[in-house]
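Q: Got a model here to walk through. Can we start with the ground rules and then go element by element?

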Amino acid sequence: MNETPTAAPPSWQEDVFAALKKRGVRQIAYVPDSGHSHAIREAQRDPAIHDVVLTTEEEGVAVVSGAWLGGQRAVLLMQSSGVGNCVNMFSLPAMCRFPFLTLVTMRGEYAEFNPWQGPMGRTTQQALELMGITVLRADTPDEVEETVEAALDSVFEAGERVAVLLGQKLIGRKKWERD
């Protein structure tokens, strides 16, 4: 059987998964997203991590909260458009004082081809901050590891609620594929 070789993931994507493993994350909840594809694939392969595919992002807020109640560390992976779906659910970790971490791949920024991504992309940070979530941001590969590790420490050592925004320039330019 011939397998088509896949391109190696960018080093920053490897840094994200390594940081999650190093800090004892045991559950990763996500709606499939190409910006998080490496972490998702690695979580699926790793027997020490339970990957939870979601139908909508707000379910992930509950999964992460439930994992904490069950004694496990979890993270929610989503795209910036999913933040809008979660605003009401962000009251769960706020009111219950649960630690919460989400890694958010940005859309609606650099060279965005889809105008529907713009409004939420422009307001993602403000929406998170209005809900009491501290926002950190990484826009270059050399910022990712330190930023994700700092977020993990704030969440799991200090009990904070943190979002790391992974800028669209970092992820790469999206292109519309036509038949």
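A: Buried means under 20% relative accessible area, exposed over 50%, and partly exposed in between, with a 1.4 Å probe and protein chains only. This is a predicted model: local features need pLDDT of at least 70, side-chain atom pairs count only at pLDDT 80 or more, and totals for chains, interfaces and linings use all residues. Residues are numbered from 1 along each chain as its sequence is written, and side-chain values use heavy atoms, with hydrogens and water left out.

Q: What percentage of the protein chain's residues count as buried?
A: Of its 179 residues, 46%.

Q: How many helices and strands does the protein chain have?
A: There are 8 helices and 6 strands. These are DSSP runs, numbered from the N terminus: helices are H or I with at least four residues, strands are E with at least two.

Q: In what order do the elements run?
A: From the N terminus, α-β-α-β-α-β-α-α-β-α-β-α-β-α. The radius of gyration is 16 Å, close to the 16 Å from the globule rule for 179 residues, so the protein chain is as compact as a globular protein of that length. That radius is taken over C-alpha atoms, and the rule is 2.2 Å times the number of residues to the power 0.38.

Q: What does the C-alpha trace span along its principal axes?
A: About 50 × 40 × 30 Å.

Q: And contacts in the protein chain: what share join residues at least 24 apart?
A: 74%, among contacts between residues at least 6 apart in sequence. Contact means heavy atoms within 4.5 Å.

Q: On to helix packing. At what angle do α1 and α7 pack?
A: About 20°, with the axes of α1 and α7 (residues 141-156) 9 Å apart. Axes are lines fitted to C-alpha atoms, for helices over the stretch in contact, and angles run from 0 to 180 degrees between N-to-C directions. So α1 is roughly parallel to α7. Under 35 degrees counts as roughly parallel, over 145 as roughly antiparallel, 65 to 115 as roughly perpendicular, and the rest as oblique.

Q: Which residues meet there, in α1 and α7?
A: Trp12, Asp15, Val16, Ala19, Leu20 and Lys22 in α1 meet Pro141, Val144, Glu145, Val148, Glu149 and Leu152 in α7. The contact of α1 with α7 divides into 8 nonpolar, no polar and 4 charged residues. Nonpolar covers Ala, Val, Leu, Ile, Met, Phe, Trp, Tyr, Cys and Pro; charged covers Asp, Glu, Lys and Arg; the others, Gly among them, are polar.

Q: At what angle do α1 and α2 cross?
A: Roughly 45°, and the axes of α1 (residues 11-22) and α2 (residues 37-45) come within 8 Å. That makes α1 oblique to α2. Gln13, Glu14 and Phe17 in α1 meet Ser37, His38, Ala39, Glu42 and Ala43 in α2. The contact of α1 with α2 has 3 nonpolar, 3 polar and 2 charged residues.

Q: Switching topic. Where is Trp68?
A: In helix α3 (residues 57-69). Trp68 is partly exposed, at 34% relative accessibility. Neighbours within four places in sequence aside, Trp68 is in contact with Arg73, Phe98, Pro99 and Phe156.

Q: Gln168: buried or exposed?
A: Buried, at 0% relative accessibility. Gln168 is in helix α8 (residues 168-171).

Q: What about phi of Arg97?
A: Phi of Arg97 is near 60°, a positive value in a residue other than glycine. Most residues other than glycine have a negative phi. Arg97 is in the loop between α5 (91-96) and β4 (100-105). Arg97 is exposed, at 55% relative accessible area.
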